[in-house]
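This report goes through side-chain contacts in the structure shown below. It takes up disulfides, aromatic rings and nonpolar cores in turn.

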Amino acid sequence: MMRGRLLGFLASCLLLPTDIALAHHSYAMFDGSGTSKVTGTVAKLEWQNPHAFVWVYVRTPDKTDTYDLWAFENGSPSVLQAHGWNKDSLKVGDKVEVEYWRLRDGSIGGHCEKFALSDGSTLQCPSDLGRRR
Amino acid sequence: MKNFKSWFAVAVAVALGAGCDPGSALAQSPMTYESLKDFPDFAGSWTPLGPPFVLAPATPGPQGAAPSRSGVCDLPPEFKAEVGARCRQAVQAARPDFCSTQPYFTGNPPRGAGGAFEILFTPGRITMAVESGLVRRIYLRAQPPAGALDVSRSGTSIGRWEGATLVVETTGLDPNAPVVPGAVLGPDARVVERIALVDDETLRIEATVTAPAILSAPRSIQQVYRRARARMFTDFDTCVESDRSFNRATGQDRFDRTPPADLPPPPRE
């Protein structure tokens, strides 16, 4: 299966089948059947290639004084900027509701779909995972 | 004497720059620093438009397994049938090192992550710098410059203006450049690109690829870009960047949850 993913990546780079994958990994790690939501506090927007990552502190379920650190994969900075993001779009301490695609292995985090900030604004993550349903 | 020196310097420059090379920029191109204002404004960073991540449909796998991608060898109709067959055989037989086969192939307009680029004008040459690492030199002249390689992954690109459209013809493409699994580009391939503004903030590249060894007819591709004048250009290469999503050592997807070292403490609430 991994071989297929690599070959898929290759074909995406090479001559022309424009309808084949452009991402550099398969996204098979994410459950594309539907999104979930979680609320937390931004710990960091890791503004890096090939994927930006957003780190969010989320209160541990059933506990009042501990937090879990969630990680959300996002697009590349170049793609994000085309969608209105910049490296200051999310700041440390921002309260956010994250809509995301779960990781299939059940660990906390995933691929973000959208961030809703406390001022009512939203940031859309570039992903077409939903169209795969 | 001073005038003679000046005259001699000009003569040498002309001889080196043009007279000894009839296809040179000086001889062929009206493009000078003074004339740049007369050409279309291609300044800024151009970012591919369209879905940034277009995934082939997932193929249902065994119960409980993650879906794999299909479509690797489902090639467009211009591809010869045997190319698809070789592709399927290769998929069954081999696992390529994707970094070693990264193409620098100009028939594929920059797309997706890392597909942003800049276009830089200098007299006699246009340079296209693509964020994923490719730097293309497009010579505004009648023929390739002396010393151009016979073949290379990106070939040799010669440009001309047709009105406000930059037309680029690329030859000298390496016939051994990989195209799809199991197939290389083959001899006598060439690419013609037409690069033009659609409006003030939109650029279109139309590329037509002729590759008789693998295509039964020329194949055309079109990609549109949005301008971001103030955007910071950030080169990157998935083969050298730290990648939380893919482990090249194992060839496995991953989700690296190692926290950054500089995270603040959790909120106190």
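## Disulfides

A disulfide is a pair of cysteine sulfur atoms within 2.5 Å. By this rule there are two disulfides over all chains. This is a predicted model, in which local features need pLDDT of at least 70 and side-chain atom pairs count only at pLDDT 80 or more, while totals for chains, interfaces and linings use all residues. Residues are numbered from 1 along each chain as its sequence is written, chains are lettered from A and ligands numbered from 1 in the order in which they are written, and side-chain values use heavy atoms, with hydrogens and water left out.

In chain A, the sulfur atoms of A:Cys112 and A:Cys125 are 2.1 Å apart and form a disulfide. The torsion about this S-S bond is about -115°, so the disulfide is left-handed. A:Cys112 has 0% relative accessibility and counts as buried (under 20% relative accessible area; exposed is over 50%, partly exposed in between, with a 1.4 Å probe and protein chains only). A:Cys125, at 2%, is buried.

In chain B, B:Cys73 and B:Cys87 form a disulfide with sulfur atoms 2.0 Å apart. This link is left-handed, with -75° about the S-S bond. B:Cys73 is buried at 8% relative accessible area, and B:Cys87 is buried at 0%.

## Aromatic rings

Rings of Phe, Tyr and Trp (its six-membered ring) pair if their centres lie within 6.5 Å; planes under 30 degrees apart count as stacked, over 60 as edge-to-face and the rest as tilted. The count comes to 15 aromatic pairs over all chains. One of them is the tilted pair of A:Phe53 and B:Phe255, with 5.4 Å centre to centre and 50° between the planes. Both A:Phe53 and B:Phe255 are buried.

## Nonpolar cores

A nonpolar core is a set of buried Ala, Val, Leu, Ile, Met, Phe, Trp, Tyr and Cys residues joined through side-chain atoms within 4.5 Å. The largest has 21 residues, of which B:Phe79, B:Val83, B:Val180, B:Leu185, B:Ala211 and B:Ile214 touch the most other members. Apart from this core lies another, of 20 residues, including A:Val38, A:Val42, A:Leu90 and A:Tyr100.
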